[in-house]
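Colleague: I would like to go through this structure with you, one question at a time. Please keep the answers plain.

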Amino acid sequence: MTAIPRSTKDQGRSSKKPRKSDRTKAEIRLGWLLAGPAFFVMMAVTAYPIAQATFDSLFSFRLTAPDERSFVFLDNYLLLFTDGVFWRIFGVTLLITVVTVAVELVLGFALALVMHRALKSLRGILRTAILVPYGIITVVSAFAWFYMFDINSGFVNSWFSWVPGIDADLDWFSNFGTAVTVIMASEIWKTTPFIALLLLAGLAQVPDELVEAARVDGATKVQQFTRVIIPNMKAAIMVAVLFRALDAFRIFDNVFIMTAGDANTEVLALLAYRQSISRLEIGLGSAVSVVLFICVLLMCVLAVKGFRVDLASGTDTSGKKEGGK
Amino acid sequence: MKARSAGAAAAAAVLLLSGCGGEDEVPTLTWYINPDDGGQEALAQQCTEEADGAYQIQTSLLPMDAPAQREQLARRLAAGDSSLDIMSIDPPFIPELATPGFLAPVPDDVAERTTEDTLEGALAGAMWEDELVTVPFWANTQILWYRESVVEEAGLDMDEPVTWEQIIDVAAEEEKYLGIQGVREESMTVWVNALVESQDESILVDPSATAEELETNLDSEAGANAARIISRIGEEGLGGPGVASMDENQSMLLFQRDDGSFMVNWPFVWAAINAAAEEGNIDADIPDDIGWALYPRVDADTPAAPPLGGINLGVGAESEHPELAYEAIECIVTPDNQAEYFVTNGNPPSAESAFDDSRVEEEFPMADVIRDALDSAAPRPQTPYYNEISESIQGQFTPLSGVDEDTTPALTDTYIVEVLRGERLL
């Protein structure tokens, strides 16, 4: 089923552009009428601010000193890339992204399998229960985690005092290791359901016949999983990883609420916030935002081109071929 | 159902329209207030009534913490928001808003009438470049709170001025905690500044210097003494295990405990501790065990310069009714209103005569100490770049255990200079 539209598309590319029929023209017109307003709104709320931020990033501009605005070209970027603080913050952001996405992928897979295999009568309750954390607003969950671990109001220290290293005097948010662990745990708790849901969709797409054929051929459970299920889910996995990685790289709420960047836990989005909003340095803050945007863009390009993730269909070409065989 | 809701909507629209039509003649002034116990809202209503139709004041609530209040005000002012008729402004942020002309000038006659008996420290916080740019409303300062039982045990005479060294020694000997603010927030700058000012020195070399020329004076004997006090408390763990997250409220909770000894804090703690005792959240005897004195000295022979806080009232340069706004401000800041505000909301007056009010003496037995403290209080560095200086100090002087008298002050100076010159990130 998936092979047919692609071949039509390929034919369309290779042959001379055919003359559009009245029906095609009407469909195109209807398409624009339906999608056009959304397209223009999207352009107004994304393209315009991005262009404005890029323009502002070339200036030294402090909101409370409007008369001193001056064009500095790439100086703001130079300052960022030559400052160790920026690279430390970049490293922390990357660490949080890699660790949370990796852990979420493993946990998400387990949850997806549980949801997939669950008894029909339990399926609804199970899916709802697993999705609850994802339904909670990030700021609210960040506060909940903060109050859980806070030395003054938290219960974790007293409940887990039997664990070596945890006692009543442990201030989780005063040093990097413990603070970043709590931040990542909160992030993982909150967004694992999202990855689980995407993987569940992938699991549902794996044809039962393939698994059955493998079983008949004598494949063990592990072999069925690694040789049949995972390869057929590659596209879904890549989409899940890409979406979560883009999200994790822009982490803000959890850090802002729990440490506000203390104990060296500052991340790129918080750096942009502090320069633009706290310091009112619009130029420098815009430069950080542009760098953050470029990082996200690079991750997207790397995934789409490098790993051939097709965001439109949720499948990749190699996956289709394997699936079709 | 539909018909009924449509009817209700139409009725609401009519009411709204007629309401708008009737109030059009009375100019509405918007007062951006910081969160309090409802005192500013009550004053707005009172002055609206007293204005007898000349104007009406509506309030708009600013965020909880002072830096977030500054952010909102600065962004609105920079965007030319004409709704900023009256603003409750924290003193350290006044130069930043006054320099670009975001504040409407205070008329001479208003300045004269509203500062007749303003306490010296509070007045200093309302000025910028020798000019009154805001009107002092209420003034805040920190005093030293102590547990009578602890000083009795240690034999410390609290009738005489005490030094930081003395209270640290007592806390260490008695194995008690000190209520200080060790969190990386504005309160850290408040503390460092008070320690430096208490030695007759200032953090800024020249407050009016531009960003390229501005320098700080922490790499000095005064800065080293300040760092020594902070680092000793950090190293000896006298701030308690949660010192890294200890703000004013947390230090009050620590002070209330059995292992509390001394605390430097704002007067709000008195009302809060009494309320906690009345509600049974803490031992009912604790308020009786609490004493107060002037802020501790750094040098035994030099009077302390306690921190200065509070709220001043400013008028936005783009306000459509600046004259009426100043008229309303004059109504708000009368000594009588300041006394009432102190009694009901716990925020001390900036006018000396307000302290003579009988209600004040009754509710705040330490009012005399607060008045003396306000007279000698020193504002934080007054410069348009205060935010950068404060955040740099907060970063370098936390955590307390990492502060080193030999390196931290010099590092902070260099850090501030590099940030202001645009050579490094903050």
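This is a predicted model: local features need pLDDT of at least 70, side-chain atom pairs count only at pLDDT 80 or more; totals for chains, interfaces and linings use all residues.

Colleague: Is A:Ser186 buried or exposed?

Modeller: A residue counts as buried if 20 or more other C-beta atoms lie within 10 Å of its own. A:Ser186 has 26 such neighbours inside 10 Å. A:Ser186 is therefore buried.

Colleague: Which residues does A:Ser186 touch, not counting those up to four places away in sequence?

Modeller: Another residue, A:Phe146, is 40 residues away along the chain, and its C-alpha atom is separated from that of A:Ser186 by 9.1 Å. The residues that A:Ser186 touches, with those up to four places away left out, are A:Ser141, A:Ala142, A:Trp145 and A:Asn254.

Colleague: Where does UniProt place the feature "transmembrane region" in chain A?

Modeller: The record is an unreviewed entry. In the model, residues 30–51 of chain A are 100% helix, with end C-alpha atoms 30 Å apart. Residues 125–148 of chain A are 92% helix, and their end C-alpha atoms lie 27 Å apart. Both spans are in the list from UniProt, which reads 30–51, 85–113, 125–148 and 282–304.

Colleague: What percentage of residues 90–303 of chain A is helix?

Modeller: The unreviewed UniProt entry annotates these residues as "domain: ABC transmembrane type-1". The end C-alpha atoms of the span lie 20 Å apart.

Colleague: How many residues of chain B are in contact with chain A?

Modeller: On the side of chain A that touches chain B there are ten nonpolar, five polar and six charged residues. Helix H4 (84–117) and helix H12 (268–278) of chain A each supply at least two residues of that side. The contact joins 21 residues of chain A to a set in chain B that numbers 21.

Colleague: Why is chain B said to be as compact as a globular protein of its length?

Modeller: Chain B has 18 helices and eleven strands. For its 426 residues the globule rule gives 22 Å. The radius of gyration of chain B is close to that value, so the chain is as compact as a globular protein of that length, at 23 Å.

Colleague: What is the strand order in the open sheet of four strands in chain B?

Modeller: Strand E8 (177–179) and strand E10 (290–293) of chain B are the edge strands, since each pairs on one side only. Strand E7 and strand E9 of chain B pair in the antiparallel sense over four bridges, and B:Tyr146 stands opposite B:Phe262 in E9(B). The pairing in the sheet is mixed, and the order is E8-E9-E7-E10.

Colleague: Which helix lies across E7, E8 and E9 of chain B?

Modeller: The helix covers residues 248–256 of chain B. Its direction is at about 155° to E9(B). The name asked for is helix H11.

Colleague: Is B:Gln382 buried or exposed?

Modeller: B:Gln382 is found in the loop between helix H16 and helix H17 of chain B. Leaving aside neighbours within four places in sequence, B:Gln382 is in contact with B:Pro95, B:Trp128 and B:Pro207. The cut-off for burial is 20 or more other C-beta atoms within 10 Å. B:Gln382 has 21, so B:Gln382 is buried.

Key:
Residues are numbered from 1 along each chain as its sequence is written. Chains are lettered from A and ligands numbered from 1 in the order in which they are written. The radius of gyration is taken over C-alpha atoms; the globule rule is 2.2 Å times the number of residues to the power 0.38. UniProt positions are given in the numbering used here, feature names are shortened, and annotations may be inferred rather than shown by experiment. Two strands pair if DSSP finds at least two bridges between them. Two residues are in contact if their C-beta atoms, placed from the backbone, lie within 7 Å. Axes are lines fitted to C-alpha atoms, for helices over the stretch in contact, and angles run from 0 to 180 degrees between N-to-C directions. Ala, Val, Leu, Ile, Met, Phe, Trp, Tyr, Cys and Pro count as nonpolar, Asp, Glu, Lys and Arg as charged, and the others, Gly among them, as polar. A residue is buried if 20 or more other C-beta atoms lie within 10 Å of its own, exposed if 12 or fewer, and partly exposed in between; C-beta atoms are placed from the backbone.
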